Amino acid sequence: DELVVECTNGRVPHFNARIFTEDKEEIGKIDDVFGPINAFCFTMKATEGVKLDSFKKGKKLYIDTQKLLPMQRFLPQAPGGGKGKGGKGKGKGKGK
């Protein structure tokens with residue numbers, strides 16, 4: 001059994017991140033993330049004993065916040081971005 005969920009959080013969930021109801025009951029784990037980057041969805045596999053047909057459309061579900069990644073990680077980076085120039089070098093000019 002799988003449930004398709006529209007993600008409204010600005011961050012991207014890990015695969016196998018736990019999904020909870022409002023009262024912190026674990027109901028499943030993320031199986032797949034898909035769709036455009038500005039409106040993505042994910043599928044959720046239910047935990048044993050959870051009946052997915054009991055959830056109504058529009059029901060809010062929650063993801064373990066430790067299992068969310070920033071959106072910037074999935075966007076194209078500027079060429080050479082993130083790598084600083086310079087550094088300590090190879091030990092030249094140590095004043096010998």
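**View 1. The second largest pocket holds about 150 Å³ of space.** Its 13 lining residues include Val12, Val33, Ile37, Phe40 and Phe74, the closest to its centre. Strand E2 (12-13) and E4 each give two or more residues to this lining. By class, the lining has 11 nonpolar, two polar and no charged residues. This is a predicted model, in which local features need pLDDT of at least 70 and side-chain atom pairs count only at pLDDT 80 or more, while totals for chains, interfaces and linings use all residues. Residues are numbered from 1 along each chain as its sequence is written, and side-chain values use heavy atoms, with hydrogens and water left out.

A pocket is an open set of points on a 1 Å grid over the protein atoms alone, where a 1.4 Å probe fits, with protein on both sides within 12 Å along at least five of seven lines; lining residues have an atom within 4 Å of a point. A volume is the space filled by probe spheres set on the points. Strands (E, at least two residues) are DSSP runs numbered from the N terminus. Ala, Val, Leu, Ile, Met, Phe, Trp, Tyr, Cys and Pro count as nonpolar, Asp, Glu, Lys and Arg as charged, and the others, Gly among them, as polar.

**View 2. The largest pocket has a volume of about 590 Å³.** Among the 20 residues that line the largest pocket, Val5, Glu6, Lys59, Lys60 and Leu61 are the closest to its centre. Strand E1 (2-6) and strand E6 (62-63) each supply at least two lining residues, and E1 gives the most, with four. The lining divides into 11 nonpolar, four polar and five charged residues.

**View 3. Thr21 sits in the loop between strand E3 (18-20) and strand E4 (26-34).** Thr21 counts as buried because its relative accessibility is 7% (buried means under 20% relative accessible area, exposed over 50%, with a 1.4 Å probe and protein chains only). Its side chain makes a polar contact (a pair of N or O atoms within 3.5 Å, one able to donate a hydrogen and the other to accept it) with the side chain of Asp23, at 2.4 Å. Leaving aside residues up to four places away in sequence, Thr21 touches Ile27, Phe55 and Tyr62 (contact means heavy atoms within 4.5 Å).

**View 4. Asn16 and Lys24 each have a positive phi of about 65°.** Most residues other than glycine have a negative phi. Asn16 lies in the loop between E2 and E3 and is exposed, at 53% relative accessible area. Lys24 is found in the loop between E3 and E4, and at 72% relative accessibility Lys24 counts as exposed.
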